[in-house]
Number of protein chains: 2
Amino acid sequence: MHAAPTRYQLAEIGSLLADPSRAAILLALVDGRARPAGELARMAGIAPSTASAHLGRLLEGGLLQVLEQGRHRYFRVASDHVAQVLEALPLLRVPHACAPEPAVDTRPLAFARTCYRHLAGRLGVAFYEGLRRQAWIELGEQAVRLSTTGAEALQAAGLLPHGTAGQVLAGRGCLDWTERRFHLGGALGVAVTEQLVRRDWLRRHDGSRALLLTPPGRSGLRRLGIVLDD
Amino acid sequence: MHAAPTRYQLAEIGSLLADPSRAAILLALVDGRARPAGELARMAGIAPSTASAHLGRLLEGGLLQVLEQGRHRYFRVASDHVAQVLEALPLLRVPHACAPEPAVDTRPLAFARTCYRHLAGRLGVAFYEGLRRQAWIELGEQAVRLSTTGAEALQAAGLLPHGTAGQVLAGRGCLDWTERRFHLGGALGVAVTEQLVRRDWLRRHDGSRALLLTPPGRSGLRRLGIVLDD
DNA sequence: GCGACACTTCGCCGGCCGCCGAAACATGGC
DNA sequence: GCCATGTTTCGGCGGCCGGCGAAGTGTCGC
């Protein structure tokens, strides 16, 4: 069972986030990819020795996982939960009244990108809406499930990974910070997004979280009843 | 619009949580009550001057609000969002595999308590289930709404505050750390819980978050179709 | 008005922590 | 084996921050 949090637990988590360099490392990892220590040091703008210390603390604190491969050590966030909280935390300071400014449209990022490891941006919202309109997903308390017809449709389109036919994949609505609307997150969102990339409907834009919609992807999505307004 | 979080924003939030005394202050306030500075100093075990500095920082950082009343200053958390995140943060360290231990039943707290300012514990879960079974609430992506029949039923039972007849009160499913099931949170949960206390169906146990179910409360809830299994 | 009280501001101290460079350690390629 | 590369360990430095008590500001009650 979860105990009620103590001041020390809370402070320890806080300490892990409290340093700009550690925060930079975590933010570099929210896209879900695993990166080696040296690269993270460069991204955070600190010496490798310093980064090593930070990574050790984040590891110890359970926020990161490490994959050892020869002389490299690849780090990634320990769970979706971590990425989710990292994206939600800075919203605390905006006490609800976040004026709906029209916002500069930072093009490719606003159109399609990964949020943690699932599809976000305008395309992510359109995808989610398409699923919902056709009753391919069902909404729960804080979760989203594929309906029977939805599972069949996505399976037929090749958007579900192999061996998940019978499984119940749970997702969650994830609020988009550019669109202010929901898109599909959670394990289901990750699985579908991976398939979209694997089938080359979407292509990763290297060095960025942006995603490029390919021509076959565009027509494939249209066949699935997903409407893009541009 | 929300910008993508920067390392500095994240680090600043982290810094606010990083100190055990500040964490103690925040945890003392998660029940949603407003407390004066001196009391918080005692609860955290620090000198009033030290507490004053901490409270200033938490205020500045937007995590707390202050209500000035004469020579007292009452502090409370700035939003439900803050309390929600405070309860969720320590779960980060448990990397998902939280073994479902039978758990020591810390009696009154497990039966009924406030979580932020809404009803939680076994009674909270039963209440939520009762509403759901009778289709008095409708589930959305991350929100919960009263259905028309639900609004009528709660109104008739006197569990909605005055002047909210026409309003749409939004709630949310809130995962219970003792029950591992959902109960009713958000503005709707707070409003209903306040009415439950005001009508003396529930009574606050002073100095604790525990709530006592009174005999009229027990029969009232039974009339509402809420089943208690004890 | 004049204490009592609640809280804040100020100045000072001590410790923790992040930073780096140098050196050590490990791995892979030749 | 030997060098190049990736990463960690260690020592030392500097700054930040939390702690307190004393003094200052504001409010209530008589």
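Colleague: Let's start with A:Ala135. Is A:Ala135 buried or exposed?
Modeller: A:Ala135 is exposed. Exposed takes 12 or fewer other C-beta atoms within 10 Å, and A:Ala135 has 11, so A:Ala135 falls in that class. Keep in mind that this is a predicted model.

Colleague: Where is the place of A:Ala135 in chain A?
Modeller: A:Ala135 sits in the loop between helix H7 (121–133) and strand E6 (137–139) of chain A.

Colleague: And what is phi of A:Ala135 near?
Modeller: Phi is near 55° for A:Ala135. That is a positive value, and the residue is not glycine.

Colleague: Over to chain B. What about phi of B:Asp200?
Modeller: Phi of B:Asp200 is near 65°. Again that is a positive value in a residue other than glycine.

Colleague: Which loop is B:Asp200 found in?
Modeller: The loop of chain B between helix H9 (186–198) and strand E10 (202–204).

Colleague: Why does B:Asp200 count as exposed?
Modeller: Because B:Asp200 has 12 other C-beta atoms within 10 Å, and the exposed class takes 12 or fewer.

Colleague: Change of topic: the DNA. How many residues surround DNA strand D?
Modeller: 21 residues. The closest are A:Pro36, A:Gly38, A:Ser49 and A:Ser52 from chain A, plus B:Gly70 from chain B.

Colleague: Which elements give two or more residues to that surface near DNA strand D?
Modeller: From chain A, helix H3 (37–44), helix H4 (48–60) and strand E3 (72–77). From chain B, helix H4 (48–60).

Colleague: Where does the largest share come from near DNA strand D?
Modeller: From H4(A), which gives six residues.

Colleague: And how does the surface near DNA strand D look by class?
Modeller: Seven residues are nonpolar, 10 are polar and four are charged.

Colleague: Now DNA strand C. Which residues are closest?
Modeller: A:Gly70, B:Pro36, B:Gly38, B:Ser49 and B:Ser52. In total, 21 residues surround DNA strand C.

Colleague: What gives the most to the surface near DNA strand C?
Modeller: H4(B), with six residues. Helix H3 (37–44) and strand E3 (72–77) of chain B supply at least two residues each, as does H4 of chain A. By class, there are seven nonpolar, 10 polar and four charged residues near DNA strand C.

Colleague: Last topic, the largest nonpolar core. How many residues has it?
Modeller: 55 residues. A:Leu63 and B:Leu63 have the most contacts inside that core.

Colleague: What is A:Leu63 in contact with, leaving aside neighbours within four places in sequence?
Modeller: In chain A, with Leu16, Leu26, Leu58, Val77, Ala78 and Val82. A:Leu63 is also in contact with B:Leu92, from chain B.

Technical notes. Residues are numbered from 1 along each chain as its sequence is written. Chains are lettered from A and ligands numbered from 1 in the order in which they are written. This is a predicted model: local features need pLDDT of at least 70, side-chain atom pairs count only at pLDDT 80 or more; totals for chains, interfaces and linings use all residues. A residue is near a molecule or strand if its C-beta atom, placed from the backbone, lies within 6 Å of it. Helices (H or I, at least four residues) and strands (E, at least two) are DSSP runs, numbered from the N terminus. Ala, Val, Leu, Ile, Met, Phe, Trp, Tyr, Cys and Pro count as nonpolar, Asp, Glu, Lys and Arg as charged, and the others, Gly among them, as polar. A nonpolar core is a set of buried Ala, Val, Leu, Ile, Met, Phe, Trp, Tyr and Cys residues joined through C-beta atoms within 7 Å. A residue is buried if 20 or more other C-beta atoms lie within 10 Å of its own, exposed if 12 or fewer, and partly exposed in between; C-beta atoms are placed from the backbone. Two residues are in contact if their C-beta atoms, placed from the backbone, lie within 7 Å.
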